Amino acid sequence: MAFHVKPASGSPSSSASSDPNSSSIPSNQDPMQSWWESISKARASIHALSSILPSSSLSLSSLADSDRPSRSLLQSPDVYDAVSSCLFSPHSGSGPDPICQWLYETFQSSDPDLRLVAVSFIPILSGLYLSRVVVSQSTPLAGFEAVLLALYASELKARGGKPVSISIPDLSQPSLYHTPRSRPSSMASAGLFIGMASPPLEPLSEVKSTKRACIVGVALECYYKQISQMPSWSKLDFCRFAAAWAGQNCPCKAEFDGDENAEIDGFSETRGLEEGEEVERCVEEMEKLKIAEDGSDSSPEGARIPLPWELWQPTLRIIGHCLLAPLNPQDVKDAALMAVRCLYARASHDLLPQAILATRSLVQLDKRARQAAMAAAAANPASNSNTPSKAKKPEIFLMAK
């Protein structure tokens, strides 16, 4: 069984017509026929998955018979657990891996909901792939790489060979919301700073060691684009892998536990230490930077890996959503908080100022959000909401005879 990655080059017209991200319906196609074809493809994909999973696993017939089989497949925790168990097996990700073949074909589908099913497994795919590559570089992982290359090719078509840029307003120029203190000498500037968040992508047909972080980072960007539709168990897996990637046995992640009552002004903390105490504290901090060498950094959900900036950017975006999005369940927020603390410790070890600033900001934002929630709960105790209100007296109308 071989994986065939579609070429990413071609004319704009041909790429637009073959882009699986496009969900538009041709004008000469009946919408009812398109809907029925989507249902048929989803049911065929569910039956194919049923033949791959172990016979003792769950039955998928109820999902195939539902009105929206793709959405039912995405929102089924039992299916996610069954596929995850196959991915976590020691021999998964090799060349003839049927579960990777199914994920590859599912992502190539024209059904948007069916594609989301494959996207929901990106945390496990990327986490297992990066962890196993670090542990044993000689083990072939062609199955994982084929799925990651399909995600990369899809994003390459979507970007059209252009970089991802951001526009930052120039505060020296007046706007509708503010007037600068000093008037600019010239008003000819556009008033925008253009920054490049991601350089242009180049077509790739195989995973090279120098491009591995870029390919996985692009796959994580695809996941972040659809994160609002991802189930909570998928986000939970990503938070666990992110903590494992950073390394979980560093004591630096507990730095924020002892400063609950500290006065924070930006990121500077007032410390009144004498010179001798300052030297002693520096020695203690250097001791903390020593990473344990007992091999306990590896876990069933990943291992400590190199983290270039191509992986830092999408990881911080996903963790930020898991930590601060109001509709996420509490277990996802707690796992994201643990992950961002581990990432802060890793950024402190690697001396990455951008990552230190981002992770520390996320920790402080979460802390203040939890303090605000506790203050609101104390101001409105549950007993007040359970107190029965007085019954309203019935209104009496007087009528003249």
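Biologist: Which residues does Thr 315 touch, not counting residues up to four places away in sequence?

Modeller: In this predicted model, Thr 315 lies in helix α13, which spans residues 309-324. Setting aside residues up to four places away in sequence, the residues that Thr 315 touches are Leu 220, Phe 238, Ala 242, Trp 245 and Leu 343.

Biologist: Is Thr 315 buried or exposed, and what is its relative accessible area?

Modeller: The cut-off for a buried residue is under 20% relative accessible area. Thr 315 falls under that cut-off and is therefore buried, with a relative accessible area of 4%.

Biologist: What distance separates the C-alpha atoms of Thr 315 and Tyr 224?

Modeller: Thr 315 and Tyr 224 are 91 residues apart along the chain. The separation of their C-alpha atoms is 8.9 Å.

Biologist: Where is Ser 120 found, and what is its relative accessible area?

Modeller: Ser 120 is found in the loop between α7 and α8. Leaving aside neighbours within four places in sequence, its contacts are Leu 74, Tyr 80, Tyr 223, Met 230, Pro 231 and Ser 234. Ser 120 is buried, and its relative accessible area is 2%.

Biologist: Which residues are in contact with Leu 87, leaving aside its neighbours within four places in sequence?

Modeller: Leu 87 is found in helix α5, residues 77-87, and is buried with a relative accessible area of 0%. The C-alpha atoms of Leu 87 and Leu 125 are separated by 7.7 Å, although these residues are 38 apart along the chain. With neighbours within four places in sequence left aside, the contacts of Leu 87 are Ser 92, Ile 99, Leu 103, Phe 121, Ile 124, Leu 125, Leu 128, Arg 132 and Phe 144.

Biologist: How many of the 10 residues of α6 are buried?

Modeller: The buried residues of α6 are Ile 99, Cys 100, Gln 101, Trp 102, Leu 103, Tyr 104, Thr 106 and Phe 107. Helix α6 is mostly covered, and of its 10 residues the number buried is eight.

Biologist: At what angle do α6 and α7 pack?

Modeller: Two packed helices are described by the angle between their axes and the distance between the axes. Helix α6 covers residues 98-107 and helix α7 residues 112-119, with their axes 8 Å apart. The crossing of α6 past α7 is left-handed. The packing angle is about 145°.

Biologist: How do the residues of the contact of α6 with α7 divide into nonpolar, polar and charged?

Modeller: Helix α6 contributes Trp 102, Leu 103, Thr 106 and Phe 107 to the contact, while α7 contributes Leu 114, Arg 115, Val 117, Ala 118 and Val 119. These residues of the contact divide into seven nonpolar, one polar and one charged.

Biologist: What percentage of the 401 residues in the protein chain is buried?

Modeller: The protein chain has 16 helices and four strands. Its accessible surface comes to about 23200 Å², and carbon and sulfur atoms account for 56% of this. Among contacts between residues at least 6 apart in sequence, 75% join residues at least 24 apart. Of the 401 residues in the chain, the buried share is 40%.

Technical notes:
Residues numbered from 1 in each chain as written. Predicted model: local features only at pLDDT ≥ 70, side-chain atom pairs only at ≥ 80, totals over all residues. Heavy atoms only, no water. Axes fitted to C-alpha atoms, helices over the stretch in contact; angles between N-to-C directions. Helix = DSSP H or I, 4+ residues; strand = E, 2+ residues; numbered from the N terminus. Left-handed = near helix turned anticlockwise from the far one by under 90°. Contact = heavy atoms within 4.5 Å. Nonpolar A, V, L, I, M, F, W, Y, C, P; charged D, E, K, R; others polar. Buried < 20%, exposed > 50% of the residue type's maximum accessible area, 1.4 Å probe, protein only. Areas by Shrake-Rupley, 256 points an atom, 1.4 Å probe, with all protein chains shown as cover.
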